[in-house]
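Subject: Handover of a predicted structure

Dear colleague,

Please find the structure below, followed by an account of what was found in it.

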Amino acid sequence: MTVKRRSALLGICLASIALCNSVYAAEEGQSLELKIPPNSVISDGTLTPKEMAQYAVVAKEQLAYLTSKATEEYAPVIENDSNAMPAAWMLMDDGVTVKELTLDEAAGDAPASIRVVMFRAALKSIARRGKINAAVILYAGQISEENDQRALVVEHEHRLGISATKIVPFVVDNGQVKYAQSVTRKKPFQLFYDDKSGVPAAAS
């Protein structure tokens with residue numbers, strides 16, 4: 001991919017970015033299963049304030065767990081390839097199993113921007129069938145034609161109503177990826193819901 005195309009792809013994600021307030025971590029192998037009571041989120045889409053607080057914590061932990069696994073697997077790609085293609089991972093509905101999503105042969109030689117769109121479509125199909133709790137799409141490139149700083153872009157979404165894009169500047173030093181402070185911004189729901197009206201909400 002040319003610098004111009006990589007810059008355009010990252011440029012879309014860098015607009016209106018705010019500093020991320022916190023970083024969440026999940027312990028290796030920790031079970032983050034959602035224990036949603038009957039007649040709650042899944043059945044009526046309504047959460048009490050107490051439930052919302054509880055599930056928001058679990059959702060963030062699950063996203064951190066998934067992102068950690070995904071970036072660990074993606075690191076060797078960006079270490080060795082300045083034109084690394086996008087990749088995607090899913091957290092299955094057991095809250096523990098992480099699987100990489102691969103595109104079929106139809107992807108061919110599609111550029112990175114098209115592959116991101118294809119990943120979104122494939123993940124949306126899986127998410128709407130209730131098979132996954134969360135999903136991430138990772139891609140990397142040069143921030144702009146004027147700025148040769150490389151950055152990792154993480155698009156993530158959780159079925160309990162979290163949807164954001166995180167930008168993580170990085171350098172490869174002696175074969176090791178070293179990440180800088182990340183920034184994040186909200187993004188429209190694209191996988192689990194068509195818009196925010198479908199997201200589980202607090203009871204009035």
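The protein has four helices and 10 strands, where helices (H or I, at least four residues) and strands (E, at least two) are DSSP runs numbered from the N terminus. Along the sequence, these elements follow the pattern α-β-α-β-α-β-β-α-β-β-β-β-β-β.

Please note that this is a predicted model, in which local features need pLDDT of at least 70 and side-chain atom pairs count only at pLDDT 80 or more, while totals for chains, interfaces and linings use all residues. Residues are numbered from 1 along each chain as its sequence is written, and side-chain values use heavy atoms, with hydrogens and water left out.

Of the 204 residues in the protein, 43% are buried (under 20% relative accessible area, with a 1.4 Å probe and protein chains only). Among contacts (heavy atoms within 4.5 Å) between residues at least 6 apart in sequence, 61% join residues at least 24 apart.

Two strands are said to pair if DSSP finds at least two bridges between them. β6 (150-158) and β7 (residues 162-173) are antiparallel and pair over nine bridges; within this pairing, glutamate 155 stands opposite threonine 165 of β7. The two strands form a hairpin with three residues between them, and glycine 161 in the turn has a positive phi of about 105°.

β7 also pairs with β8 (residues 176-179), antiparallel and through four bridges, with valine 171 partnered by lysine 178 of β8. Two residues lie between the strands of this hairpin, in which asparagine 174 has a positive phi near 55°. A further antiparallel pairing of four bridges links β7 to β9 (residues 183-186), where lysine 186 is the bridge partner of alanine 164.

The structure also holds one cavity of 30 Å³ or more. On a 1 Å grid over the protein atoms alone, a cavity is a set of points where a 1.4 Å probe fits but cannot get out, and lining residues have an atom within 4 Å of a point. The largest cavity has a volume of about 30 Å³, the volume being the space filled by probe spheres set on the points, which are joined across faces, edges and corners.

Glu155, named above for its place opposite threonine 165, is one of the lining residues, which also include Arg120, His156 and Lys187. β5 (132-142) and β6 each supply at least two residues of this lining.

Yours sincerely

Note on methods. On a 1 Å grid over the protein atoms alone, a cavity is a set of points where a 1.4 Å probe fits but cannot get out, and a pocket is an open set with protein on both sides within 12 Å along at least five of seven lines; lining residues have an atom within 4 Å of a point. Buried means under 20% relative accessible area, exposed over 50%, partly exposed in between (1.4 Å probe, protein chains only).
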